[in-house]
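The following paragraphs guide the reader through a protein structure, from charged pairs to domains and then to the meeting of chains. Please keep the sequence and the model in view while reading.

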Amino acid sequence: MKDNENKRYKHASIFGPMRHFKYIFKKPVTHPFKIIFTRKNASYLNDNAIIKNKKRLDSAPRTAPDNLRGFHTNDWEVCIGCGTCADICPTDAIRMVERADLKDEAGKLQQRPVIDYGRCCFCALCVDTCTTESLKMSKEYIYASTDPDQFLLMPEKTWQGEKVEQGYVKTEESDLLDLKRIPMEHIEPDERKKSFIEVVRGYSKEYARQEAARCVECGICTSSCPVQMHIPDYIKAIWEDDIEGGLRQIYETNPLPGVCGRVCTHNCETACAIAVRGEAIAIRWLKRYIIDSAPDDMYDKIFAEPVTEVIDAKIAIAGSGPSSLSAAYYLRALGYTVDVFEEKDRPGGVASYGAPQYRIPDYAVEKDINFIKKIGVNIKTNTRVGTDITLDELQKKYDAVFLGTGFFKARMLNIPGADHKDVIGAMDFLPLARDLARGHLKLDEMNVLPSAVVVGGGDVAFDVARNLTRIQIMKYGKANVLLTSLESRDILPASLDEFVEGGEEAVKMELGFGPQEIMIKNGKVKGLKVWKCLSVFDEAGRFNPKFDETQEQVFEADQVYLSIGQAPDYDYIPESMKDKVIIERGKIKANEVGQVAGQEWLFVGGDIFRGPDIITGVADGHRAAQGIDEFLYKKSKKKEQSEYYKELREAIHFNTPVLAMKPKRK
Amino acid sequence: MTNSMTNVEFVQNLVKSNVNVLQEHITDQYQVHFVVEQDQVHYILNILKNAGWIQMSYLSAIDWPEENKFELVYIVFNWEKPVYVQIRTKIDRENPVMNSILPIYPGSKYYERECHEFFGVKFPGNPDYEKQLILENWDDIPPMRKDFDPEAYSKRKFPQREYSETYIVQSEGKSKLAKMEARKQRAESLRGGKK
């Protein structure tokens, strides 16, 4: 008995195991191992076995529990190739590989993740941080191969060619992205519509950094930006509180950041990876934050050495809008002598005379332009090319000429009554409104009556309507502005900001109507007769509005403002040249950098070449600078060049923007 | 103890009347947690076990490197009164020692081994706590500590394989992605202002 005490089974008997025999005829509760295989394993086993068991091929492994973190699946249609999964992977198992076979489109990169399952630890951080929710985890957990190379897998919508059940999915709690934008403070509508005070206040340092922290640095925005700004980089600079570095990065590709930080069409935000599921990073306002917080003396550090004439060649620039200023800036940085001619008494073009004061105040435009002047660009205001100095003279005096004269004439409507003096074009009105805002005009001098209808659905129409609201309130104490457009709400070309802010300022809107006649009685405008617009474009996508005549209305008003597009003014092109310059639909024909065919010395940019917005104008200016440099550099005399100058020159060429793809609104 | 009392209220009463609760949180009607002092853990677990919380469901830890603490979490369950009770306590991170609860819950033997393996917490009283359980021949700091660097470990232990480039489809001519990379480097070189 004493021996038995230390034994594990005290009453062991050699017949003990006999009791198992009672299970012989019972149904097994376990699955026989030989049939639980994935198809891949089963065919592998069959290939290597002497007895080919067909039954094996029907076998399937048991379904895993919900939320299992199994092998990844990635829906390529949804995936945008942002690479955030590769960035976050704690074991460095994910790599982005180039897939040139994917369609190159705005808001997507031609790359997709591959996962090294020799390293993956199945932590699911990649799923939690996925911007599009395309990367998921399946319930598949069995995979075997004798070839180590077979453990590098590219997740697709299916796993091993089969549709599989979804395992781990991210929840609101586990989502690592911050989808909500840090709210931007706006002046209250009742307050702001009494004056031309800037509506958007701008971020404080704390808010800017919080907003910057939302960026995943994927760089998808960059390729949608017409000038391809270093967007993720300057956002990172904000997060690290390196305003100076951010300023240098911004000026590499955009010499009008103060303007663009306020009124850019921000295609970057439309393309933003965060915008797939949430609110885009406020890229435009972050840029503005850098400019607003950069003191004037910090601008001296943008160039490590003062910019001087290195190349003995002179360039004349007609107009001082965004494309002209951009061309002037880069040409000057390349070392040319640059003279800009502006007909009005302020440079800036659309930024000084088109866009309203409450969106972009003068001081912001001046901050940008002052730096362009500071590096030695000569701006001659009150000098109109064509009258004060002719294009022929420019051609003789200068080695190259850049035209950036813009679309500054209002397009008018060809309907009865449109020639009345109280039917006013947007581009005739906006410069006056701007002059009123800066105190150059008096309120009495403005021909603004107590009620108005604005025709147009673009941002400019909203500019007119909101300017009118302000002026009517100043003049009459209350406003009565109605905006009507051909386009209905869902295809309204204006940005959401304008639509929302205009609505807040009590601009009435009647969308989806086509103007037919200006109603005039006793020599005074009484209103606008419209028909309901059924469709704006025909089946081929051409502009060809269809109306329902039975749905006729009259919008009563004392004035009608037309904002249905702008037109160029080519009076300055002399008769001798008219047949040498091809103009198609108001735009001058030229090659990619804006060089006019047959006129090597002549370059164009901005609205008269490509349009339609400020930032594309800036891009045109940069490309033209590149084109002019290629045209002049070799044949001009040069001074000795410093190392820094060579580097700068290389950078300006390297950063010359390519034509950007316009992203669709999500 | 009346019938109107919920299970959670019962536990609250029980725990609070016996030990000093530093913090409590009721997740829902089946889950509640109490933070107590380190030296009261055994005492309160004993009381809970005698009150019916007989099942040791889980024991693990949370690393709080900023506070220099590990937070031990004991989860026990009662089949009569279905409430998971978590007893939490913070212990020193530099020298993490916690007496074993083996005498109270023998089932904690493996949990303590696991906790030692993943966090490095020592459990004197458990003869096997230092034995390896899941990680074989681990030669780094315990992997669930927040200062463990999985990327460096991966790189050291599993050198990047040179896979055949089966998945790459490159474009003819200049690669757009290569240009993006070059631009990024250019932008990076412009940094270095006020930090």
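A network of salt bridges links Arg192(A), Arg359(A), Arg466(A), Arg470(A), Glu498(A), Glu501(A), Glu504(A) and Glu505(A); a salt bridge is a side-chain nitrogen of Lys or Arg within 4 Å of a carboxyl oxygen of Asp or Glu. Side chains of opposite charge can pair when their charged atoms come close. This is a predicted model, in which local features need pLDDT of at least 70 and side-chain atom pairs count only at pLDDT 80 or more, while totals for chains, interfaces and linings use all residues. Residues are numbered from 1 along each chain as its sequence is written, chains are lettered from A and ligands numbered from 1 in the order in which they are written, and side-chain values use heavy atoms, with hydrogens and water left out.

To place it, one may turn to the domains. An automatic or database domain assignment divides chain A into domain 1 (2-57), domain 2 (72-153), domain 3 (189-301) and domain 4 (409-566). The C-alpha centres of domain 3 and domain 4 of chain A are 31 Å apart. Between these two domains of chain A, 10 residues of domain 3 are in contact with 15 residues of domain 4, contact meaning heavy atoms within 4.5 Å. About 1,000 Å² is buried between domain 3 and domain 4 of chain A, with 60% of it from carbon and sulfur atoms; buried area is the accessible area (1.4 Å probe) that two parts lose on being put together, summed over both. On the side of domain 3 of chain A, Arg192(A), Lys193(A) and Phe196(A) lose the most area to domain 4, together 63% of what that side buries. Three salt bridges are counted between domain 3 and domain 4 of chain A.

Over all chains, the structure holds 65 salt bridges. In one of them, the side chains of Arg277(A) and Asp175(A) meet at 3.1 Å, N to O. Arg277(A) lies in the loop between α12 (267-271) and α13 (283-293) of chain A and Asp175(A) in the loop between β5 and α6 (189-192) of chain A, so the pair ties together parts that are 102 residues apart in sequence. Helices (H or I, at least four residues) and strands (E, at least two) are DSSP runs, numbered from the N terminus. Arg277(A) counts as partly exposed at 25% relative accessibility, and Asp175(A) counts as buried at 17%; buried means under 20% relative accessible area, exposed over 50%, and partly exposed in between (1.4 Å probe, protein chains only). The helix α13(A) is mostly covered, with nine of its 11 residues buried, including Trp285(A) and Tyr289(A).

How many residues does each chain bring to the contact between chain A and chain B? Chain A gives 50 residues and chain B gives 34 residues. Chain A and chain B bury about 3,700 Å² between them, 47% of it on carbon and sulfur atoms. Glu98(A), Arg119(A) and Phe654(A) supply 19% of the area that chain A buries against chain B, more than any other three residues.

Seven salt bridges are found across the interface of chain A and chain B. Among them, the side chains of Arg186(B) and Glu252(A) meet at 2.8 Å, N to O. Arg186(B) lies in helix α5 (residues 176-189) of chain B and Glu252(A) in helix α10 of chain A, so the pair joins two chains. Both Arg186(B) and Glu252(A) are buried.
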